[in-house]
Amino acid sequence: MKIAGAPISWGVCEVPGWGHQLSADRVLTEMRQAGLTATELGPEGFLPTDTTELVQLLDGYGLSCVGGFVPVVLYRDDHDPVDDLAGPLESLIAAGARVVVLAAATGSEGYDTRPRLDDAQWRTLLSNLDRLSDLVSARGLTAVLHPHVGTMVETRAEVDRVLTGSRIALCLDTGHLLIGGTDPMALTTEVPERIKHAHLKDVDAALAAKVQSGELTYTQAVSAGMYVPLGAGDVDIAGIVKALEQHGFDGWYVMEQDNILDGEPVGEGPLGDVLASVSFLQGAVAGVTS
């Protein structure tokens, strides 16, 4: 099974003001300490945009690149999302990645509010998903859509609209799906053929409910610890992995625990939770293969 890490587990995020941002050296070094050999790229600016420098940096840490998260505005007919994708796509191709993880961005910063789309805007969004999927495929990679809290595809109804209205594959993010109102296990078993990439997150359902009710913003809930190490929350991670494997899933499992840091961690920091997640996932893998 192909298991990778992601910089967001160390609090590295594209949202301005999203807590203290750790250096690439610390994050990549600790990925290797956790036994990981692959990563997603993280937000623009975290790693070099020069493709030669990027490849040399990853090689220096013994890490391969599996993909990257790319928020793009898809619903506006006066905006071409191909422009948003151009730079990240070249980096991903150079790094040998196989997946481009798209999110249907709102065009605003952060994930605490979002607009409502009319039918015409939905048609534009779905058409652009197919355009980008075809463009990425022509370059030898696979585009997947990441349902994500605070984007234009968050709820189960919106996920279903994508499934019926476009051809794009999905990134199964177990945390964002749950917070957005989708049972990730149900989606796994209903449309396994559409799932080509997986972000494994575990969630404190009580805090997720406060986001759903509006008692907390998404950012406040993340800061309060809504995401927990794999196996410590309310998502059936082991069951989802088993279901994916039974349906012939051949993509990457990217471990993520979205995190907001107040400052430079003293001591182990995020690495402790990453190690706990690695240990849990190894046990889940053993349960599937035994």
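How closely do the axes of helix α2 and helix α3 approach, and at what angle do they cross? In this predicted model, local features need pLDDT of at least 70 and side-chain atom pairs count only at pLDDT 80 or more, while totals for chains, interfaces and linings use all residues. Residues are numbered from 1 along each chain as its sequence is written, and side-chain values use heavy atoms, with hydrogens and water left out.

The axes of α2 (residues 51-60) and α3 (residues 81-94) come within 9 Å and cross at roughly 45°. Helices here are DSSP runs of H or I with at least four residues, numbered from the N terminus; axes are lines fitted to C-alpha atoms over the stretch in contact, with angles from 0 to 180 degrees between N-to-C directions. The angle makes α2 oblique to α3, a class left over once angles under 35 degrees (roughly parallel), over 145 (roughly antiparallel) and 65 to 115 (roughly perpendicular) are set aside. The crossing is right-handed, meaning that the near helix is turned clockwise from the far one by less than a right angle. Thr-51, Leu-54 and Val-55 of α2 meet Glu-90, Ser-91 and Ala-94 of α3, where contact means heavy atoms within 4.5 Å. By class, three of these residues are nonpolar, two polar and one charged.

On the α4 side, Asp-119, Trp-122, Leu-126, Leu-129 and Asp-130 take part, meeting Glu-158, Arg-161, Val-162 and Gly-165 of α5. This contact has four nonpolar, one polar and four charged residues.

Gly-248, with a positive phi near 80°, follows α10.

The cysteines remain to be considered. With a disulfide taken as a pair of cysteine sulfur atoms within 2.5 Å, the count comes to zero. Cys-13 is buried, at a relative accessible area of 10%, but its sulfur lies 15 Å from the closest cysteine sulfur, in Cys-171, and so is too far for a bond. Cys-171 is also buried, at 1%; its closest cysteine sulfur is that of Cys-65, 14 Å away, again too far for a bond.

Conventions. Helix = DSSP H or I, 4+ residues; strand = E, 2+ residues; numbered from the N terminus. Buried < 20%, exposed > 50% of the residue type's maximum accessible area, 1.4 Å probe, protein only. Nonpolar A, V, L, I, M, F, W, Y, C, P; charged D, E, K, R; others polar.
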